[in-house]
Amino acid sequence: MSTREMSTRNTRGLAYAGGVGYAMWQRSLLELARVKGGLLPTTIAPIIFLLGITGQFGDLSSLPGFPTDSYINWIIPLSCLQGAGFAGGATGANLARDIERGWFDRLLSSPAPRPLLLLGPVMAAVTRSLVPTTVILAVGLLLGPGLTGGIYGLVMLYLAAVAFSVVASFWGITLALRARTQQVGPAIQNGVFIAVFLSTAYTPLVLLQGWLGTFAEYNPVTYVLQMARQATVSGIEPSWANTWPGLLALAGMILLFGLLALRQLRRIDL
Amino acid sequence: MTDVVLEHRAVTQWRVTLALAGRALRIQLRRVQFLLPSFVLPLLLLVVIASGTSAAQELPGFPVQSSYVGFVVSGTIIQGALLVGLMAGIAVADEIEGGFFDRLLSAPINRASIVAGRVLGTMGIGVFQAVLFLLVALAFGADFTGGLPGALAVVALAAICAGAAAALGASIALKTGSLSLLQNLFPIVFVLLFTAPAFLPHDYLNPALQAISDYNPLTYVVEGMRGALFDSPGLGSVPLGFLSAAALLVAMFALAVWAMRARVKT
Amino acid sequence: MPDPAVPPRPESSAGQATGDAAVLVENLERTYKGGLKAVDGVNLIVEPGEIYGFLGPNGAGKSTTVRILTTLLRPTGGRALVAGYDVVRQAPEVRRNIGVALQEAALDPLMTGRELLQLQGALHGLRREEARERAAELLERVDLVEAGDRRLQTYSGGMTRRLDLAMALVHRPAVLFLDEPTTGLDPVSRNALWREVRSLNDDGTTVFLTTQYLEEAEQLADRVGIIDRGHIVAEGTPDELKRLVGNPALMVKLIDPAQHDEACRVLAPHGEVSDRSGGGLNVRTPLGARAIAPIVRSLDEARVEVDAVELEEVSLDDVFLAVTGHPAESDEDVRDAQP
């Protein structure tokens with residue numbers, strides 16, 4: 001094959017995008033499989049919070065206003081969301097490492113349309129988030145009264161967790177592209193933590209007072225939690241009314257952070 | 001002759017320790033973005049828990065408080081102390097990985113001084129942090145009936161805890177030399193915190209945690225802090241708190257010196 | 001396949017529309033926030049099939065220029081065409097035609113050589129079967145067949161560079177960019193890489209190479225551009241550049257320092273005589289090595305005893321000094337950079 005011929009390979013179209021996407025996804029899976037204990041931190045921290053917070057504040061659920069008597073069931077969806085969020089954030093941190101190491105330059109100088117390159121971290125987030133979500137759910141169901149929302153609730157929980165990990169991934173990607181150094185990892189994860197925290201994380205909206213109550217009311221994560229809590233909180237019944245605000249919140253956040261990430265990507269060669 | 005020499009050596013060692021402490025303090029303050037999490041996170045928890053779970057005060061039998069914030073702030077201070085200790089450990093690991101540590105080792109200074117310097121510097125940060133957190137609690141409406149003496153006792157306890165945490169962090173850093181390991185220890189801080197009556201009184205923890213907390217030295221420190229802040233032995237014994245904290249510091253420091261010797265030998 | 005004949009080089013380097021040039025750079029500028037001008041008006045043309053050497057010390061602007069040419073950085077002024085396409089406005093077309101091996105061998109330590117090559121294949125639109133074949137082919141070409149299924153973590157420095165080069169070749173690019181390809185390598189690996197680059201060039205690939213070593217430029221490049229502080233200060237074949245230093249110098253090492261003045265007298269008719277720092281004499285003459293025999297004869301006749309008469313190696317430092325009036329770098333840098 002002559003030089004000319006090879007240089008005009010087909011690098012357009014769906015088949016090409018599919019090929020690139022698949023290759024990047026495979027790479028992210030390799031990363032997962034080959035780093036010893038890679039998923040431990042993102043799974044362990046939420047479990048510690050699950051057990052610790054339940055241990056400390058467990059009695060709260062006896063207060064009027066709580067939609068359930070089981071505090072652990074109240075916290076399970078929160079912990080799942082945290083775990084999924086950290087998993088998503090970690091993909092951003094890994095991108096920062098790739099950028100610092102120069103690997104990302106290799107991808108940038110290839111003919112792949114640049115937005116396609118973000119498929120790597122995002123698909124990794126989706127895949128990774130399943131692990132902490134499942135482990136935390138299993139631990140929680142074992143220790144507590146169990147599922148109250150049936151299949152519908154379960155699906156909503158997973159949907160919320162996975163979609164939230166995508167949000168966290170876009171957030172992490174944005175910071176990574178801006179900072180271009182691995183040291184941005186903690187900042188990414190702190191952001192995820194704070195977003196989840198300033199919501200109905202520990203107490204339902206009716207019991208929240210003051211500025212926190214106002215903040216939580218406007219925090220989209222509150223509604224995502226509501227959607228996820230259909231799985232284990234007896235007082236939050238599986239229904240469309242409890243679902244659509246969460247879906248809207250997730251769609252909005254994915255759009256917002258996705259656009260921010262793309263914008264940051266466009267500025268990478270400035 | 002020997003007395004003079006020994007005295008001279010002791011003085012020099014002390015001076016060296018102070019110098020290293022000053023350096024540790026300055027460098028940590030310079031890397032504000034790394035120090036921030038150990039300040040922001042506890043404050044956030046304080047604020048959220050105080051607002052979010054202040055409903056806890058309505059639980060039957062909860063000790064009468066003018067403000068839940070005042071109750072929780074002791075847990076917050078401990079959390080902060082543990083986190084700055086972890087940061088100190090990370091700083092030591094960073095120095096080891098970066099090679100600066102070897103330079104310290106090749107200087108004619110006592111090995112223990114190197115550890116002591118780091119511990120002392122972190123205690124300084126602990127003081128600063130405790131004062132800040134108490135002020136925030138005051139701003140949110142806490143009423144410390146123990147007055148200034150109580151507050152000073154709390155600051156002292158915080159400093160000792162921060163020192164102990166730094167010594168532990170340094171031990172791990174010296175033994176493993178791994179920065180990423182220390183970063184992954186972040187959740188362990190919360191394990192230590194949750195197994196103490198950090199946010200609710202001892203009797204409100206679930207039975208499993210209650211049992212564990214009896215063996216956690218931090219339990220007595222937290223309760224001692226509350227006893228001091230509200231001048232109320234019912235909340236906790238101040239002398240016991242000091243005893244516990246001092247014991248931790250001594251134990252962790254010994255651990256660190258041992259880890260240092262082990263590193264130098266290999 | 002034989003190359004089409006290389007078209008004759010145009011008279012001036014700037015302003016002429018040579019549509020066939022592999023690389024065309026006009027008044028390229030890159031200014032960072034704060035005013036630092038990393039690239040300050042670079043002009044050059046590289047013909048298809050050439051090996052062009054971009055030579056200069058650290059910080060001269062080599063890597064920045066390469067990053068612009070490989071579409072990783074946007075210029076703040078001027079323009080550049082690679083393989084006929086504009087690096088800013090037609091970036092995707094440029095990327096389709098270039099192979100890139102930058103300074104930090106940009107490879108994922110957790111993946112194996114084969115996996116990386118196949119990934120690169122996918123990025124360049126090769127179907128899975130093709131990518132697999134190409135990976136196998138390249139592993140053989142750069143002599144990494146056995147290591148192909150081991151993770152990058154286990155590779156030595158030389159092996160990493162070879163894989164890096166293979167990655168750049170997956171799609172058989174028309175133009176290959178190599179940023180300091182042999183810095184830090186041992187002599188054996190260095191020679192192996194040089195052989196590979198020459199072989200690629202024989203197959204028709206244009207090579208744009210940056211280096212700190214005059215020797216590397218000499219070994220590989222058809223033409224060399226010397227860059228200092230963001231712009232090109234001299235351009236030409238390696239021989240032309242060396243001659244910029246002035247006439248070649250012959251070093252004469254005396255056995256008996258007392259014979260110094262006598263030696264000067266004897267050597268004077270052969271060329272420009274000067275003292276060397278550290279003892280001995282330099283004689284500059286356009287005859288170069290051909291003057292050795294007559295000089296030895298003259299010294300012998302005058303019974304001046306010499307230890308050696310040899311041709312002095314011209315270093316980048318010398319060229320630099322001659323062209324810019326200041327040394328390329330401090331002594332410490334030179335020592336560290338020495339192969």
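**Interfaces and selected sites of the three-chain model**

Between chain A and chain B, four residue pairs are in polar contact, with both residues of each pair at pLDDT 80 or more. The model is a predicted one. Three helices of chain A, namely α3 (40-57), α9 (185-197) and α10 (210-218), each supply at least two residues of the side of chain A that touches chain B. The greatest contribution to this side comes from α3(A), which gives nine residues. By class, the side of chain A facing chain B consists of 17 nonpolar, eight polar and one charged residue. No salt bridges are found between chain A and chain B, the count being zero.

The size of an interface is often given as the accessible area lost when the parts come together. For chain A and chain B this buried area is about 2600 Å², and carbon and sulfur atoms account for 75% of it. The contact involves 26 residues of chain A and 33 residues of chain B.

Two pairs of chains touch, and the pair formed by chains A and C has the most contacts. Chain B and chain C, by contrast, do not touch, and their nearest C-alpha atoms lie 17 Å apart. The contact of chain A with chain C takes 37 residues from chain A and 44 residues from chain C. About 3500 Å² is buried between these two chains, with 53% of that area on carbon and sulfur atoms.

Polar interactions across the interface of chain A and chain C comprise six salt bridges and 13 residue pairs in polar contact, both residues being at pLDDT 80 or more. The helices α1 (3-7), α2 (13-34), α5 (103-108) and α6 (114-117) of chain A each provide at least two residues of the side of chain A that touches chain C. Of the elements of chain A, α2(A) gives the most to this side, with ten residues. The side of chain A that touches chain C divides into 17 nonpolar, eight polar and twelve charged residues.

One of the salt bridges pairs C:D108 with A:R101, and the closest N and O atoms are 4.0 Å apart. A:R101 is also touched by C:L107, whose contacts in chain A further include A:W103 and A:R106. C:L107 is located in the loop between β6 (98-101) and α3 (113-123) of chain C. Its relative accessible area is 6%, so C:L107 is classed as buried, the limit being under 20%. Within chain C, C:L107 touches C:L116, C:L152, C:T160, C:L163, C:D164 and C:M167, not counting residues up to four places away in sequence. C:L107 and C:L163 are separated by 56 residues in sequence, and their C-alpha atoms are 8.7 Å apart in space.

Chain B contains eleven helices and zero strands. Of its 266 residues, 56% are buried. Among the contacts in chain B with a separation of 6 or more, 79% are between residues 24 or more positions apart. In helix α8 (residues 186-194) of chain B, the buried residues are B:P187, B:V189, B:F190, B:L193 and B:F194. Viewed down the axis of α8(B), these buried residues fall within an arc of 145 degrees and therefore line one face of the helix. An α-helix has 3.6 residues a turn, so residues three or four places apart point the same way.

Two sites in chain A were examined individually. A:T232 lies in the loop between α11 (220-228) and α12 (240-266) of chain A. A:T232 is buried, with a relative accessible area of 0%. The side chain of A:T232 reaches the backbone oxygen of A:N73 at 2.7 Å. Not counting residues up to four places away in sequence, A:T232 touches A:N73, A:I76, A:P77, A:L141, A:L147 and A:T148.

A:A163 belongs to helix α8 (residues 150-179) of chain A. With a relative accessible area of 14%, A:A163 is counted as buried because the value is under 20%. A:A163 touches A:L250 and A:I254, when residues up to four places away in sequence are not counted. A:A195 is 32 residues from A:A163 along the chain, and the C-alpha atoms of the two residues are 15 Å apart.

Methods:
Residues numbered from 1 in each chain as written. Chains lettered and ligands numbered in written order. Predicted model: local features only at pLDDT ≥ 70, side-chain atom pairs only at ≥ 80, totals over all residues. Heavy atoms only, no water. Buried < 20%, exposed > 50% of the residue type's maximum accessible area, 1.4 Å probe, protein only. Helix = DSSP H or I, 4+ residues; strand = E, 2+ residues; numbered from the N terminus. Arc of directions from axis to C-beta. Contact = heavy atoms within 4.5 Å. Buried area = accessible area lost by both parts, 1.4 Å probe. Salt bridge = Lys/Arg side-chain N within 4 Å of Asp/Glu carboxyl O. Polar contact = N/O pair within 3.5 Å; in protein donor to acceptor, adjacent residues only side chain to side chain. Nonpolar A, V, L, I, M, F, W, Y, C, P; charged D, E, K, R; others polar.
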